[in-house]
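The structure is shown below.

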Amino acid sequence: MFLHNLFYELKSSLRAKELIIWLMIFPIILGTFFKIAFGDLYDKQTKMDTIKTAVVGIENDPNFRTVIEQIEQEDEPLLKAEYLDEEKALEKLANGDVTGVIYAGDDMSLTVSDTGIEQSVLRVFIQQYSTKAGIIKETLASDPSKLGEVTKALMADASPNHAEPLTKGNTDFYIEYMYNLIAMVAMYGSITGLHIAVGNQANLSPLGARKCCSPTPKALSTLAGIIGSWLVQAVCMVICVSFTAFVLKTDYGKNLPYVYLAAILGGITGVSMGFFVGSIGRMKNSMKVAICMTGSMLCCFLSGLMMGNIKGWIAMKFPVFNNLNPAALVADSISSLNLYTGHERYFTKLMYMCGISAVFITLGLILTRRRKYADL
Amino acid sequence: MANSVVKIDNIVKRYGELLALDHFSLDIKEGEVFGLLGPNGSGKTTTINCLLSLLAYDKGDIEIFGKKMTPVSYDIKKKIGIIMQNVAVFDELTVYENIDYFCGLYINDKKLRKQYVEDAINFVGLGDFRKFYPKKLSGGLLRRLNIACGIAHKPKLIILDEPTVAVDPQSRNKILEGIESLNRDGATIIYTSHYMEEVEQLCTRIAIMDKGKKIAEGSKDELKRMIKNTETVTVEVLGLTQSMLDELSALPHVYDVKYDGQKAVISCSGGKHNLIRILDTLQKKEVSFGRVYSELPTLNDVFLEITGKALRDKED
């Protein structure tokens, strides 16, 4: 009997158009939009392109060519040089084909036609090169035996301050939108949970009344519905995470299995929330759907789906709220995988999700346990 | 004497101030087709919902198959088939799947269930539509699907709550024939409707309800015998004088004459050859008349005479 109910619950849910639209198609469209809108914003703001440079008189300083060639072999080289005579180099500079013209030799100089970050970088680069080359030459002239020691010292970082990144994870803020997108899909699970509550109560739907007339216990049919919805929601979450990971190329590092787990648990929380809302009172179905959708979107808004910094603001002002907001819990749990080396925070968030789901399901079952109705 | 299948004893159901069922009692015997007839809002569906233990009631007792009916009387529920007024099917499941789903709530054995589902599909004539989704079905076919979902598990007691509302004549006939067939196969039927023709055609015993009360009960002949009217003669005739109307009123067994200038409606109580006597009187006075027809009393006449109002509106 239970498996029969579960089988048809899965079948009807997977064929429900609104479920396919809201839980599969809409997130794919929104995720693609995020990718198009924000995908390369971080790169544009934080990363510098290779600087195209013309070098004149390289024959005067063969060591400089060696240095340039080493730089060019790096993954993201600082500059790309062309070795030209002065006339062609200046022509390219005038045409904007190169950012600057470096005159190699003892009196190294730089000619630029504009001011900006790239020009400043070139200036700092030739200053550092000139300084270090001068020291090496002076060492060779005065005491060649100390050349190795001097070179080693020059290679070392002279600064007493050492930059240590806060995280080894992806610091691209765009990725936060993807976490919130996953949270949003999890919250939309509330619609399927809502239908379970409505579809099993005689005073809320003809289908519920019809089921209540059958010899199948209400608890069994409700439980089959809830588990069916959890499974369907889990499939939707897997599709959503897979789409962001493999199609939109969101970098989850080595944490993808944990992301799946958090997303599925988030989906279960969403379904449970919907079941609870569906169990309250005798409002029209459309009203309950509206409450679920509004509640879901509010949770997503407060977790940063529309305004990236709102979650941080809430964390400062009402720190407890982020542990009660299911959407924030989903986004935070995935975010913690990226930002923290350990999994303590991740599992704490998962525990909160389990707790909230248990509360919603228990309250929902209590509210729907009534066996006879005063009015139909 | 046949066993009682349903026994409703003195049920009282209130919706706030409104008394929906007022000390209502019924005793339905095995093998009967029992009709609950009454206008909209008379308490038919409330009776059914109380009977099924969906609705809480304020007073009284309900027994089905000799046992007290409660929401957890699963052994009783197994024997009941319910066809509700509102179609209750899954939009996302096909005709076959819907019937299989509801049948599966009663029958665990897959093989047996498959046979039962096929029987139900053939019974309601939806063989060509088994892979259709409900939204693709007409109103009549949808009602038939609703019935198939309710009777697929071969119940001993079948409750049909206004199953022919908004159904085309072809589907209505199919449904009524099906109900008669189910009864021939041994099922006890409870049929609620405000269509008196259906109730007259189908039911072996009828209870007429109004304002939550049972106002009459019996076979259709017993009910008709309860009232004064036994025959109504209608004559299309122009220009009847008051003296002529008085003469008609004075005929034996005639107790009421109404005339609107175009037709005379003459109500008779008992007696034989009323029609012949009326026509003889008109011919003797050389009154020419058009169409003449004689009607035996209907359940509507019964309802009209008992309550002073028509059973249903003319537009119905």
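Domain bounds come from an automatic or database domain assignment. On that basis, chain A of this predicted model is divided into domain 1 (2-39 + 172-368) and domain 2 (47-155). Two helix pairs of chain A and the contact of chain A with chain B are also described here.

**Domains**
- In chain A, 56 Å separate the C-alpha centres of domain 1 and domain 2.
- Chain B has a domain 1 (4-79 + 156-225), a domain 2 (89-151) and a domain 3 (231-296).
- The centres of domain 2 and domain 3 of chain B, taken over C-alpha atoms, are 54 Å apart.

**Helix 10 and helix 11 of chain A**
- Helix 10 (residues 218-247) of chain A packs against helix 11 (residues 256-279) of chain A at an angle of about 140°, and their axes are 8 Å apart.
- The crossing of helix 10 of chain A with helix 11 of chain A is right-handed.
- Helix 10 of chain A contributes residues including Ile226(A), Trp230(A), Met237(A) and Val241(A) to the contact, and helix 11 of chain A contributes residues including Leu256(A), Tyr260(A), Gly267(A) and Phe275(A).
- By class, the residues of this contact between helix 10 and helix 11 of chain A are 17 nonpolar, five polar and no charged.

**Helix 8 and helix 15 of chain A**
- Helix 8 (residues 174-199) and helix 15 (residues 326-339) of chain A cross at roughly 140°, and their axes come within 8 Å.
- Helix 8 and helix 15 of chain A are therefore oblique to each other.
- Helix 8 of chain A passes helix 15 of chain A with right-handed geometry.
- Among the residues that make the contact are Ile175(A), Glu176(A), Tyr179(A) and Met187(A) of helix 8 of chain A, together with Pro326(A), Val330(A), Ile334(A) and Asn338(A) of helix 15 of chain A.
- The contact of helix 8 with helix 15 of chain A comprises twelve nonpolar, three polar and one charged residues.

**Contact between chain A and chain B**
- Contacts link 23 residues of chain A with 26 residues of chain B.
- On the side of chain A that touches chain B, helix 1 (2-15) and helix 9 (206-212) of chain A each supply at least two residues.
- That side of chain A consists of 13 nonpolar, four polar and six charged residues.

Notes:
Residues numbered from 1 in each chain as written. Chains lettered and ligands numbered in written order. Predicted model: local features only at pLDDT ≥ 70, side-chain atom pairs only at ≥ 80, totals over all residues. Axes fitted to C-alpha atoms, helices over the stretch in contact; angles between N-to-C directions. Helix = DSSP H or I, 4+ residues; strand = E, 2+ residues; numbered from the N terminus. Left-handed = near helix turned anticlockwise from the far one by under 90°. Contact = placed C-beta atoms within 7 Å. Nonpolar A, V, L, I, M, F, W, Y, C, P; charged D, E, K, R; others polar. Parallel < 35°, antiparallel > 145°, perpendicular 65-115°, else oblique.
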